[in-house]
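Hi,

Here is the structure I promised to pass on to you.

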Amino acid sequence: MGRVRIGRMLRPLTGKSTLSLMRYCRLMQTLRVPTLILVLLLFITLISEDRGYGVMSTVKADDQGIQRATIIMDSYSYSPNELSVEAGKPVELTLRNAATFTPHTFHLTDPASGLHVHAEVSAGESQTVSFTPNQRGTFTFYCEKKLLFFKSHRERGQEGRLKVR
Ligand SMILES: [Cu+2]
């Protein structure tokens, strides 16, 4: 008597779980490609390292009185990321993006001192920006790029300081 009861109880249960297993498999098949992409993106995020500040680079004016310097942009850094310039003399920065795919920006604004420098440089390209800092102080420049839900380039360490002396 006991056996019959158990059998009756098991049969519908087994049927149900087979059906839900099939549904689960179908769901996994649909999710396979997006999941793979997600895992891959997560992996890329994990392996890309954050970088800190480097050594202060003092920019000297050339015979024309222009303070020229080159900043190498990469994922996710500026090199050098600390520059010291003299106030009242023109600055000419060559921004070179050494990354393979990623565009990077150079953003430096300080309305109080009239500083507004902005440039977006595609991977493998260069751009020159010119400005004259008139007020002394230390100003932060950074990259504004951010992809979807990932950390912004600035959060990953793509930030630097311009010291005006
Ligand atoms: Cu960037």
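Phe-141 is buried, because 24 other C-beta atoms lie within 10 Å of its own. The cut-offs behind that word are these: a residue is buried if 20 or more other C-beta atoms lie within 10 Å of its own, exposed if 12 or fewer, and partly exposed in between, with the C-beta atoms placed from the backbone. Phe-141 sits in strand E9. Helices (H or I, at least four residues) and strands (E, at least two) are DSSP runs, numbered from the N terminus.

Before you go further, please note that this is a predicted model, in which local features need pLDDT of at least 70 and side-chain atom pairs count only at pLDDT 80 or more, while totals for chains, interfaces and linings use all residues. Residues are numbered from 1 along each chain as its sequence is written.

Back to Phe-141. Leaving aside neighbours within four places in sequence, Phe-141 is in contact with Phe-106, His-107, Leu-108, Gly-160 and Leu-162. Here, contact means that the C-beta atoms of two residues, placed from the backbone, lie within 7 Å. Tyr-78 is 63 residues away from Phe-141 along the chain, yet their C-alpha atoms are separated by 9.7 Å.

The core

Which residues of the largest nonpolar core touch the most other members? Out of its 17 residues, they are Ile-71, Met-73, Val-85, Leu-95, Phe-141 and Leu-162. A nonpolar core is a set of buried Ala, Val, Leu, Ile, Met, Phe, Trp, Tyr and Cys residues joined through C-beta atoms within 7 Å. At least two residues of this core come from each of E2, strand E4 (82-85), E5, strand E6 (104-110), strand E9 (137-142) and strand E10 (159-164). E5 gives the most, with three residues. As for Leu-162, its contacts beyond four places in sequence are Leu-83, Val-85, Leu-108, Phe-139 and Phe-141.

The whole protein

Buried residues account for 19% of its 165 residues. Among contacts between residues at least 6 apart in sequence, 65% join residues at least 24 apart.

The strands and how they pair

Four of the strands make an open sheet in the order E3-E2-E5-E8, with mixed pairing. Two strands pair if DSSP finds at least two bridges between them. Strand E3 (77-79) and strand E8 (126-131) are the edge strands, each pairing on one side only. From one strand to the next, the twist averages 25 degrees; the axes behind such angles are lines fitted to C-alpha atoms (for helices over the stretch in contact), and the angles run from 0 to 180 degrees between N-to-C directions.

Inside this sheet, E2 (residues 67-74) and E5 (residues 91-97) run parallel and are joined by seven bridges. Ile-71 stands opposite Leu-95 in E5, and both of these residues are on the core list above.

E6 and strand E7 (residues 115-121) are also joined by seven bridges, but run antiparallel. Thr-109 has His-116 in E7 as its bridge partner. These two strands form a hairpin with four residues between them, and Gly-114 in the turn has a positive phi of about 70 degrees.

Most residues other than glycine have a negative phi, and most peptide bonds are trans. Where are the cis peptide bonds to look at? One joins Ser-75 and Tyr-76, with omega about 10 degrees, and Tyr-76 is in the loop between E2 and E3. Another joins Ser-79 and Pro-80, with omega about 0 degrees; Pro-80 lies in the loop between E3 and E4.

Leu-148 is not a glycine, but its phi is positive, at about 45 degrees. This residue is in the loop between E9 and E10. Is Leu-148 buried or exposed? Leu-148 counts as exposed, because it has 5 C-beta neighbours inside 10 Å.

Lys-146 belongs to the loop between E9 and E10 too. Lys-146 is partly exposed, since 13 other C-beta atoms lie within 10 Å. Beyond four places in sequence, Lys-146 is in contact with Ser-152 and His-153.

Happy exploring, and write back with any questions!
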